[in-house]
Amino acid sequence: MCVKVSCVGGGPAGLYLSILLKRQDPSHDITVHERDPEGSTYGWGVTYWRGLLDELHARDPESARAIEEHSVRWNQGVAHVRDLVTRQPGDEGHGIGRHKLLEILTARARALGVRLEFEREITPEDLPEADLVVAADGVHSALRTRHAQHFGAELTPGRNPYVWLGTTKVFDSFTFAFVETAHGWIWCYGYPFSSERSTCVIECAPETWTGLGLDRVTDTDGTARLEKIFAHILDGHPLLGRPRGDGGAPWLTFRTLTNRTWYRDNVVLLGDAAHTTHYSIGAGTTLALQDAFALADALRECPALPQALARYERDRTAALLTPQSAARHSAQWYENLARYIDLPPEQMFALLGQRHSPLLPYVPPQLYYRLDQAAGRLEALRRLKRWLGPRLARTTRTARATTPASRR
């Protein structure tokens, strides 16, 4: 249906969409425009789970094999709280370097005949002529911003500052570390993404951030300060800032993006240009790739572009309700860390694993823990949790939708 497609943004979602469309019909004329040079990227590693890998194998086995080959795996989590350490088994997780993932997808797209234009920035005033223009240009999408009123974008800031770092310490598990300071708690999430590197995301409350002076030091000095705080899990390894930079990295505040609609005429939003979910559920890349799956399916199966884009928007907004709810509750769990941090270690870690639950904020933590343990043994309680959870999530979404943004 779409003879000529221009994708603005060469991240995983845009590249994978180009791969899928070329596999559907090699005659499609597809160009990916990326403003940065080839091989340059931000970030360290990305996480995903087996379900995504199975989907990638079903859709493009060649790139899936390369992604799997260059990924590392873990099947347990470890939590450090003060001087206590707790380990628990979990679902098999996977990590891959963002640079390696982009390298694999770039090579595959090129091999299929996709035209790749690096160091080519597309502006709203200079849109390429195409049957379909895919705005995959990130959370600050210029193409979306040009028609902000139409798309109805809303950015909701989170409370806690965070910094995204790497380290030469290769964790053997998905690792959490919570450190109590004179100014409050600070914590990290660490996971491996290669045989030589791990990602280390560090977060704290605003008052802890300022109390530790992290708002007043250079990025590099701040990274050195964090190395001392988390020395017990780094085992002498350094924290690393920008992959290709000066060793520092900026502190940010996560902003959750939603859009009222995902397309306008022949322009459609993809990935972070359409939505973001809090990093603590580790689903950003997965959800962006799933956008590519859904858009490619809609373009193949619908007879005309308007119907395809309407179906894509409908399917993805419905599919995102659960992960967006999970991400919101996960972020709130960390923002309310004091509610959980003094529980016995096995209870605290169990509720850390349940942080995405819409039930948890409404139930005393120790009672929730006992109910969760019982639910693991009794099918009736499992059914009750499955029944109550979505209803509370819908109630929360409805309340948020009817609350003016100024009051949130």
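Contact here means heavy atoms within 4.5 Å. Helices (H or I, at least four residues) and strands (E, at least two) are DSSP runs, numbered from the N terminus. This is a predicted model, in which local features need pLDDT of at least 70 and side-chain atom pairs count only at pLDDT 80 or more, while totals for chains, interfaces and linings use all residues. Residues are numbered from 1 along each chain as its sequence is written, and side-chain values use heavy atoms, with hydrogens and water left out.

Start with the whole chain. It holds 15 helices and 15 strands. Of its 408 residues, 51% are buried. Buried means under 20% relative accessible area, exposed means over 50%, and partly exposed lies in between (1.4 Å probe, protein chains only). Among contacts with a separation of 6 or more, 71% join residues 24 or more positions apart.

Now take helix α1. On one side is helix α10. P12, A13, Y16, L17, L20, L21 and Q24 of α1 meet T285, A288, L289, A292, F293, L295, A296, D297, L299 and R300 of α10. By class, this contact has 13 nonpolar, two polar and two charged residues. Ala, Val, Leu, Ile, Met, Phe, Trp, Tyr, Cys and Pro count as nonpolar, Asp, Glu, Lys and Arg as charged, and the others, Gly among them, as polar.

Two packed helices are described by the angle between their axes and the distance between the axes. Axes are lines fitted to C-alpha atoms, for helices over the stretch in contact, and angles run from 0 to 180 degrees between N-to-C directions. The axes of α1 (residues 12-24) and α10 (residues 284-301) come within 9 Å and cross at roughly 30°. That makes α1 roughly parallel to α10. Angles under 35 degrees count as roughly parallel, over 145 as roughly antiparallel, 65 to 115 as roughly perpendicular and the rest as oblique. The crossing of α1 and α10 is right-handed. A crossing is right-handed if the near helix is turned clockwise from the far one by less than a right angle, and left-handed if anticlockwise.

Helix α1 also lies across strands β1 (4-8), β2 (29-34), β6 and β7 (132-135), and runs at about 170° to β2. An open sheet of six strands has the order β6-β2-β1-β7-β15-β14, with mixed pairing. Its edge strands, β6 (115-118) and β14 (263-264), each pair on one side only. Two strands pair if DSSP finds at least two bridges between them.

The axes of α3 (residues 61-69) and α4 (residues 98-111) come within 10 Å and cross at roughly 160°. That makes α3 roughly antiparallel to α4. This crossing, too, is right-handed. The contact is made by E62, S63, A66 and I67 of α3 with L101, I104, L105 and R108 of α4. Five of these residues are nonpolar, one is polar and two are charged.

Strand β5 (residues 84-97) has two antiparallel partners to follow. Strand β3 (residues 45-49) pairs with β5 over five bridges, and T47 stands opposite G95. Strand β4 (residues 72-81) pairs with β5 over nine bridges, and V78 has R87 as its bridge partner. β4 and β5 form a hairpin with two residues between them, and R82 in the turn has a positive phi of about 55°.

In α13 (residues 345-353), Q347, M348, F349, A350, L351 and L352 are buried. Their cover includes β4, β5, β9 (174-181), α12 (321-335) and α14 (365-375). G353 also lies in α13. At 40% relative accessibility, G353 counts as partly exposed. The C-alpha atoms of G353 and G77 are separated by 9.4 Å, although these residues are 276 apart along the chain.

Finish at strand β11. Seven of the seven residues of β11 (residues 198-204) are buried, so the strand is largely enclosed by the rest of the structure. In a regular strand the side chains alternate between the two faces of the sheet. In β11 both faces are covered, with S198, C200, I202 and C204 buried on one side and T199, V201 and E203 on the other. Strand β8 (residues 154-167) pairs antiparallel with β11 over six bridges, and W164 stands opposite V201. Strand β10 (residues 184-192) is joined to β11 by seven bridges, again antiparallel, with W187 opposite E203. β10 and β11 form a hairpin with five residues between them.
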